[in-house]
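This report describes part of one chain for a reader who has not seen it before. Please look over the sequence and the structure below before reading on.

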Amino acid sequence: MRQGNSEGTELPAGRPDLAERFAYWQSQLFDPAHCPVRSVLDQVGDKWSMLILIALAAGPRRFSALARLLPDISKRMLTQTLRGLERDGFVEREVFATKPPSVEYRLSDLGSTLLDPLAQLVRWAERSHPAIRSAQTRFDAAGG
């Protein structure tokens with residue numbers, strides 16, 4: 001059964017599932033500090049994590065290769081973001097006993113499961129970017 005909005009019209013596909021999940025969480029006196037959505041989005045929704053995951057989708061990469069692919073990220077931020085992704089189980093790190101030691105990063109099995117939803121989000125972002133930029137321009141022109 002599809003849900004309607006306050007005007008009685010049907011909600012777009014996907015929205016009923018999200019609305020039902022949210023209502024369920026609220027009915028369970030869900031602790032926002034342990035929200036799975038917040039927890040995941042805190043990591044993968046930051047400025048760099050998604051781009052790093054996309055860069056690793058093609059296969060393992062060394063730290064220096066990632067730094068070249070994302071030239072506007074500082075080495076410190078790249079290190080911090082990779083550590084967070086590794087901590088959350090999205091990325092695996094391998095150290096090679098070379099002189100000097102080299103490090104390679106790859107998507108973990110868990111990280112690989114994120115690629116399909118991430119690809120959908122990327123396609124949506126590419127399609128929606130002009131509309132978003134237009135909305136921002138209108139808002140800014142109106143003194144928002």
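## Salt bridges

Three salt bridges turn up when the whole structure is searched; the term stands for a side-chain nitrogen of Lys or Arg within 4 Å of a carboxyl oxygen of Asp or Glu. The model is a predicted one, in which local features need pLDDT of at least 70, side-chain atom pairs count only at pLDDT 80 or more, and totals for chains, interfaces and linings use all residues. Residues are numbered from 1 along each chain as its sequence is written, and side-chain values use heavy atoms, with hydrogens and water left out.

One of the salt bridges joins the side chains of R87 and D88, at 3.8 Å from N to O. R87 is exposed, with a relative accessible area of 74%, while D88 is partly exposed at 29%. Here buried means under 20% relative accessible area, exposed means over 50%, and partly exposed lies in between, using a 1.4 Å probe and protein chains only.

The side chains of E94 and R106 form a salt bridge of 3.0 Å, N to O. This pair links distant parts of the chain, since E94 lies in strand 2 and R106 in strand 3, twelve residues apart. Strands (E, at least two residues) and helices (H or I, at least four) are DSSP runs numbered from the N terminus. E94 is partly exposed, with a relative accessible area of 32%, and R106 is also partly exposed, at 25%.

R106 has a salt bridge with E104 as well, at 2.9 Å from N to O. E104 is buried, with a relative accessible area of 17%. As a general point, side chains of opposite charge can pair when their charged atoms come close.

## Strand 3 and its partners

Strand 3 covers residues 102-107, and strand 2 covers residues 91-96. Five of the six residues of strand 3 are buried. Strand 2 and strand 3 pair in the antiparallel sense over six bridges, where pairing requires that DSSP finds at least two bridges between two strands. Within this pairing, F96 stands opposite S102.

Strand 1, residues 61-62, also pairs with strand 3 in the antiparallel sense, over two bridges. R61 stands opposite Y105 of strand 3.

## The hairpin loop

Strands 2 and 3 form a hairpin with five residues between them. P100 is found in the loop between these strands. The peptide bond from K99 to P100 is cis, with omega near -10 degrees. For background, most peptide bonds are trans.

S108 sits in the loop between strand 3 and helix 6, which spans residues 109-113. Is S108 buried or exposed? S108 counts as buried, at 5% relative accessibility.

The side chain of S108 reaches the backbone oxygen of G89 at 2.4 Å. Leaving aside residues up to four places away in sequence, S108 touches G89, F90, V91 and E92, where contact means heavy atoms within 4.5 Å.

Note on methods. A polar contact is a pair of N or O atoms within 3.5 Å; within protein, one must be able to donate a hydrogen and the other to accept it, and residues adjacent in sequence count only if both atoms are side-chain atoms.
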